[in-house]
Amino acid sequence: MAKVIVQMTKYTAKTFSHTSREYLFNFSAPKVSLYFSRSIANSRSLNVERFYTEKHEWITVDGNIGIIGISNYAQEALGDVVYAQLPDVGSEIEKEAECGALESVKAASELYSPVSGKVIEKNEEVEKTPSLINTSCYERGWLFKVELNKFDELKGLMNEKAYNEFLKSDPA
Amino acid sequence: MIRFGVRGRSVCFESLDKHLKLGSIRESSTIFKSSSERTIPKQRLRCLIDSETRSNETEGRRSSSTASASTAPTPEPRKTCLHDLHVENRGKIINFSGWLLPVQYQEAIAASHQHTRTFASLFDVGHMLQTQVSGKDVTEFLESLTTSDLKNLNTGSAVLTVFTNENGGILDDLIITKDNDDKYFVVSNAARRDEDTELLLQQQENYKRRGKSVKLQFLDPLEQSLVALQGPTAASVLRAIMKINLTHLSFMNSVETTVFGNPIRVTRCGYTGEDGFEISMPAKIARTLVQAILDTPDTKLAGLGARDSLRLEAGLCLYGHDIDEETTPVEAGLTWLIAKRRREEANFPGAKRILSQIKTGTVKKRIGLTVVHGPPVREGACILTPEGERVGKITSGGPSPTLGRSIAMGYVPPELAHYGGGILVEVRGKTYKATVTKMPFVKTNYYTAK
């Protein structure tokens, strides 16, 4: 599992520019260009370290903005996501509080925020196409963005290496 | 995140209830009631991934803490005689009612579901209780526990029926096949194995005391396998691998034949809404026969996950969820299981209450419902009137892979139970519009030989 994640990260990092270009070719509507530029903004997070919770969410922080998603391990365990309920933009969420849910055919699983703050954006693409969580959990399948108000909360999270160890050590 | 389904059950209760159930090992909100009932200490807040991994023997990650987490010691989970096959095919093994069975294989549940609706899938249902019942008083014996007319059932025919209690509550649902007037074959639920066994033995004792003779033979799941081959191509698959004439074998009929020198029973029935067969066979040929089935084109293994979503679309009840001891067949929309002759004779357990309900109605009724725009609605979710009054609960529900929307079953007062009617369902504190829908949700494809 650890290896998969590491490889995936490398892969996305390497191919990101290609992927972006593909978007440009595939979609030419102005709205999509907007999305495209947003992706670029997201891409900055690739250089930023990704932190994980024990409940398998990840967060990357750029300035005071955190982007949140679920890990590859989580999406694999969840199976095909068919419904994503994300927190409303403008809502205040607390660290470790339930703020949404992801549903597969098999089951529903709740979403917990790794940090406290105000939700400033949710990934509407994911709401329309929840399978993005399975196909691209670290990129197009991000879930929502939070304006952090307690930076100390990040200290309690695991970095990539610690998370991989956590997965290996059997979280049970 | 990833703590599956618990919320589905607790949504209508106070947070206390939620806390109690937080750590419950609930692999799926829809199919695994028995495990969800286990109460686990609060400090063991765990997400489902972990519990699922723990129950996944194939990954060798079983943790001893699982057992200690339960308040009551649970017996070692059992295996069917096809267990190795599931492991070899990388089935995701879970504990279902005390049985280690695959919830899915490598394919997603929805893909496996669609495969079953398009081609054919093979399900291991060897955990179900198979019982041979024989003796000269056997028809009367089985009728004394169920609501069906076995006396007038044709030889070779099978019937869906229910064991009822004195209050008319359903003790289990089962399929009885009549081999002849003195011999029947019964298949009932794995989760009710102990209760069914006890019920049959108790009644056998009663019969003995009255000088009547009934022989019960509970087949050992390690000696007798049961598989279900389901899907539109199921018949051609069987024809390809065994000498069997299926043209005259219509839905709910059974035939005994010989394969690899061993007797097998093929019953045209299933739990998916598709044409299909349940094959009961000695364990020693199970692997070979199953492999022969899987070697036919477009036939795949499918697990409990697909089985559940398929039966939901077909509008079929799951015991312990949609029906239980507190529910009568009339409330469950299963009045058709009370045979005409039995109504006249009024001599089945709970006849008084059931017949009175048929006459004057019930206070709740099982309905199907569809949510056009909204999340999957799971077991335990509240059903509300359009005005917002809580009036019932969802008993099964989830996304329908065939329809691409959320479907569910639940109980409401009869005045709300008319098709096309609008109601509300509550998921995670928000309400969504739902429509009362006639079941099956997806057209069934049973073979009627016409």
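## Salt bridges in chain A

Let's start with a charged pair in chain A: Asp152(A) and Lys155(A) form a salt bridge, with 3.6 Å between their closest N and O atoms. A salt bridge here is a side-chain nitrogen of Lys or Arg within 4 Å of a carboxyl oxygen of Asp or Glu. Asp152(A) is exposed, with a relative accessible area of 57%, and Lys155(A) counts as exposed at 70%. For these labels, buried means under 20% relative accessible area, exposed means over 50%, and partly exposed lies in between (1.4 Å probe, protein chains only).

This is a predicted model, in which local features need pLDDT of at least 70, side-chain atom pairs count only at pLDDT 80 or more, and totals for chains, interfaces and linings use all residues. Residues are numbered from 1 along each chain as its sequence is written, chains are lettered from A and ligands numbered from 1 in the order in which they are written, and side-chain values use heavy atoms, with hydrogens and water left out.

A second pair sits in helix α6 of chain A (residues 160–168), where Glu165(A) and Lys168(A) are 3 residues apart, about one turn of the helix. Their salt bridge has its closest N and O atoms 3.4 Å apart. Glu165(A) is partly exposed at 43% relative accessibility, whereas Lys168(A) is exposed at 56%.

In chain B, Arg192(B) forms a salt bridge with Glu195(B), the closest N and O atoms being 3.6 Å apart. Arg192(B) is buried, with a relative accessible area of 10%, while Glu195(B) is partly exposed at 36%. Salt bridges with shared partners also link Asp88(A), Lys122(A), Glu127(A) and Lys430(B) into one network. Over all chains, the count comes to 31 salt bridges.

## A buried arginine

Now for Arg342(B), which lies in helix α13 (residues 340–345) of chain B; helices (H or I, at least four residues) and strands (E, at least two) are DSSP runs, numbered from the N terminus.

What Arg342(B) does have is a 3.2 Å polar contact between its side chain and that of Asn347(B). A polar contact is a pair of N or O atoms within 3.5 Å; within protein, one must be able to donate a hydrogen and the other to accept it, and residues adjacent in sequence count only if both atoms are side-chain atoms. Leaving aside neighbours within four places in sequence, the contacts of Arg342(B) (heavy atoms within 4.5 Å) include Ser144(B), Thr146(B), Asp149(B) and Phe348(B).

## The chains as a whole

Chain A has 6 helices and 10 strands, and 52% of its 172 residues are buried. Chain B has 14 helices and 19 strands, and 61% of its 450 residues count as buried. Among contacts between residues at least 6 apart in sequence, those joining residues at least 24 apart make up 64% in chain A and 66% in chain B.

## Cysteines

There are 0 disulfides over all chains, a disulfide being a pair of cysteine sulfur atoms within 2.5 Å. Cys99(A) is buried at 10% relative accessible area, and Cys81(B) is partly exposed at 22%.
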